Amino acid sequence: MICSVARSYKKKRDRNAAGANLRKGLRVLTVRARPGNPSQGLLQAGRTVFACALGRGGISADKREGDGATPLAPMRILSGYFRGDQFSSGRKTRLAMTPIGPDLGWCEVPDDRNYNRPVKIPYGASHERMRRDDRLYDACLVLDWNLAPRRRGRGSAIFFHLARPGFTPTQGCVAVTARTMARLLPLLSDKTVMRVVR
């Protein structure tokens with residue numbers, strides 16, 4: 001009986017320690033492909049692991065525009081966007097978060113001067129609309145992939161955003177459920193790095 005109580009107490013103490021570490025914030029999120037399914041992944045935050053969606057092209061060390069791959073790289077979380085009318089947790093973070101208006105886009109044309117940057121819609125070159133009907137960007141965090149310096153054709157709009165039901169593939173981003181995002185946001189800052197590994 002004493003051993004049982006001691007084991008139970010140790011488990012509770014370990015859980016409390018893990019919770020305390022998470023409350024201090026997360027410096028690293030580690031993402032890897034789920035075994036047997038290269039377009040789905042596992043995201044480790046401290047001692048907790050969450051399901052996530054990856055690019056339809058799996059994880060690639062040679063990311064190119066349009067290949068649908070998630071870059072094999074460490075990427076810092078810089079800031080984010082959110083829909084205040086759809087995702088109220090968007091303000092509960094240390095990250096700089098900007099509300100998504102109807103005129104916010106993101107340029108995806110390698111030859112354009114605003115390649116891989118936010119743009120105001122209407123915009124002449126091809127772009128993504130950030131205020132999406134499918135709500136994937138209700139919470140959308142910008143990763144520092146191909147931003148400074150920007151290299152033509154090395155990929156644009158690599159975000160950490162919300163997943164479709166069933167974790168169907170992204171175009172190269174990492175995506176989690178709204179519930180997971182709401183849980184992680186208070187723990188993230190511009191010092192958090194997302195490490196995509198194999």
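## Salt-bridge exercises

D67 has a relative accessibility of 25%, so D67 counts as partly exposed. That value comes from a predicted model, and the exercises below start from this residue.

**Exercise 1.** Work out which parts of the chain the salt bridge between D85 and R131 ties together.

*Solution.* 
- Step 1: Check the pair: the N to O distance is 3.7 Å, and the side chains meet in a salt bridge.
- Step 2: Place each residue. D85 sits in the loop between β6 (74-82) and β7 (97-99), while R131 sits in the loop between β10 (127-129) and β11 (139-143), so the bridge ties together parts that are 46 residues apart in sequence.
- Step 3: D85 is exposed at 51%, whereas R131 is partly exposed at 28%.

**Exercise 2.** Start from the salt bridge of R132 with D134 and find which residues belong to the network it is part of.

*Solution.* 
- Step 1: The closest N and O atoms of R132 and D134 are 2.8 Å apart.
- Step 2: D134 is partly exposed, with 37% relative accessibility.
- Step 3: Follow the shared partners: E128, R132, D134 and R164 are joined into one network.

**Exercise 3.** State how many salt bridges the model has.

*Solution.* Apply the 4 Å cut-off; the count comes to nine salt bridges.

How values were computed:
Residues numbered from 1 in each chain as written. Predicted model: local features only at pLDDT ≥ 70, side-chain atom pairs only at ≥ 80, totals over all residues. Heavy atoms only, no water. Buried < 20%, exposed > 50% of the residue type's maximum accessible area, 1.4 Å probe, protein only. Helix = DSSP H or I, 4+ residues; strand = E, 2+ residues; numbered from the N terminus.
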